[in-house]
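I set out below, entry by entry, what I looked up in this structure. Each entry opens with a topic and then gives what I found.

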Amino acid sequence: MAAIIDGKEFAQRIHDFVRAQVWQIQQDAGQGSVPGLATILVGEDPASEVYVRNKGRKTREAGMASFQHRLPATIGEDELLSLITELNHDANIHGILVQLPLPAHINSDNVINAIAPEKDVDGFHTRNVGLLGSGQKAMLPCTPLGCTLMLREHFGTLKGKNALVIGRSNIVGKPMAQLLLADDCTVTIAHRYTENLIDHCRQADIVVVAVGKPGLIPGHWLKPGAVVIDVGINRIIQDGKTILVGDVDFASATTIASAITPVPGGVGPMTIACLLYNTLTAYCRIHQ
Ligand code: GUN
């Protein structure tokens, strides 16, 4: 049976670390100085509302300041860009996060690239993407960072492992592949046009799945002893109840893999913990 990689417990350790650092900052710099995170939610997507609310709650629990902006789905791109400019210049704000996806009439690239790169705690700004790709110090995207930390803790070193990333989004798949490459893995990126996905799975010591399709990867596709990181969060109805499942068929995967992240309680809590960590990092870099 596979070991369960407990993201919730690991995330709590990061959270405690960040909270202790924030406390120290307050002691050193006075009560008024704490890292501040601004979130911007456009529209009323229920899943995004839950994510943003949780991010705000965790930010406050870590002793940091949370500034939540809610804007109607009808807002114009110019107005959103003006808000970002204002936040870029606000000395109380060290991190800015625009929850994605944005409504179709807004160009997400324009919005992301309007954020000051040093406040881009999502690591989505073109500058941070380029820094990561060229092996320089960058703000790292939260979900891939959380996955990497769990893998490093499990393996010690990832050097030489065959890693398969399934999904090529800008938020998870592409930066995940870059981080695994930076950790000396041999990396394959699979996507909707990949042929014979099963053959790639069978070769992989590490499988990171970020697609959004429940049951996409059955256990018998995995190499025996593989370590599986399941980024998917899918709501399905089972026996009349709504439950959360990942992209990997958990029951069959646990019989083949050596370790696997559960959904919920795996990658999700690590993403928020890494957001807090990035906000602290942004504060330290801005004040250094
Ligand atoms: N939507 C889904 N994941 C993310 C994320 O990590 N950051 C932002 N800003 N939006 C998201």
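**Entry 1: Serine 169**

Which residues does serine 169 touch, not counting residues up to four places away in sequence? I found Lys174 and Ala210. I note here that the structure is a predicted model. I located serine 169 in the loop between β5 and α7. Serine 169 counts as partly exposed because it has 16 C-beta neighbours inside 10 Å, and a residue needs 20 or more to be buried.

**Entry 2: Glycine 167 and the recorded binding site**

I consulted UniProt, where an unreviewed entry places the feature "binding site" at Gly167, Arg168, Ser169 and Ile233. I then turned to glycine 167, which is in the loop between β5 (162-166) and α7 (173-182). Is glycine 167 buried or exposed? It is buried, because 24 other C-beta atoms lie within 10 Å. Not counting residues up to four places away in sequence, I listed the residues that glycine 167 touches as Val172, Gly173, His191, Val209, Ala210 and Val211.

**Entry 3: The domains**

I recorded the division of the chain into domain 1 (31-116) and domain 2 (142-269). Taken over C-alpha atoms, the centres of domain 1 and domain 2 are separated by 28 Å. I also noted that UniProt, in an unreviewed entry, lists residues 141-285 for "domain: Tetrahydrofolate dehydrogenase/cyclohydrolase NAD(P)-binding". For the span of residues 141-285, I read 37% helix and 21% strand, with the end C-alpha atoms 17 Å apart.

**Entry 4: The ligand**

Which residues surround the ligand? I listed Leu97, Val98, Gln99, Leu100, Asp122, Cys142, Thr143 and Ile171. By class, I recorded 5 nonpolar, 2 polar and 1 charged residues in the shell around the ligand. Domain 1 (31-116) and domain 2 (142-269) each supply at least three residues to the shell.

**Entry 5: The largest nonpolar core**

I looked next at the largest nonpolar core, which has 86 residues. Within this core, Ile206, Val207, Val208 and Val228 touch the most other members. Helix α10 (residues 267-287) contributes the largest share, 11 residues.

Leaving aside neighbours within four places in sequence, valine 228 is in contact with Val207, Leu222, Val248, Ala253, Ala257, Ile260 and Thr261.

**Entry 6: Isoleucine 40**

I found isoleucine 40 in strand β2 (residues 36-42). Isoleucine 40 counts as buried because it has 22 C-beta neighbours inside 10 Å. Leaving aside neighbours within four places in sequence, isoleucine 40 is in contact with His69, Leu71, Leu83, Val98 and Gln99. I also checked serine 134, which is 94 residues from isoleucine 40 along the chain, and read a C-alpha separation of 29 Å.

**Entry 7: Isoleucine 106**

I placed isoleucine 106 in the loop between β4 and α4 (108-112). Why does isoleucine 106 count as buried? It has 20 C-beta neighbours inside 10 Å, and 20 or more is the requirement for a buried residue. Isoleucine 106 touches Glu77, Leu80 and Val111, not counting residues up to four places away in sequence.

**Entry 8: Backbone details**

- The peptide bond from leucine 100 to proline 101 is cis, with omega near 5°, and proline 101 lies in the loop between β4 and α4.
- The peptide bond from valine 263 to proline 264 is cis, with omega near 0°, and proline 264 lies in the loop between β11 (259-260) and α10.
- Asparagine 196 has a positive phi, near 50°, and lies in the loop between β6 (186-190) and α8 (197-203).
- Aspartate 239 has a positive phi, near 50°, and lies in the loop between β9 (234-238) and β10 (241-245).

Are asparagine 196 and aspartate 239 buried or exposed? Asparagine 196 is exposed because 9 other C-beta atoms lie within 10 Å. Aspartate 239 counts as exposed because it has 5 C-beta neighbours inside 10 Å.

Notes. Residues numbered from 1 in each chain as written. Predicted model: local features only at pLDDT ≥ 70, side-chain atom pairs only at ≥ 80, totals over all residues. Core = buried A, V, L, I, M, F, W, Y, C linked by C-beta atoms within 7 Å. Buried ≥ 20, exposed ≤ 12 C-beta atoms within 10 Å, placed from the backbone. Helix = DSSP H or I, 4+ residues; strand = E, 2+ residues; numbered from the N terminus. Contact = placed C-beta atoms within 7 Å. Near = placed C-beta within 6 Å. Nonpolar A, V, L, I, M, F, W, Y, C, P; charged D, E, K, R; others polar. Domains from an automatic or database assignment. UniProt positions renumbered as here; feature names shortened; annotations may be inferred.
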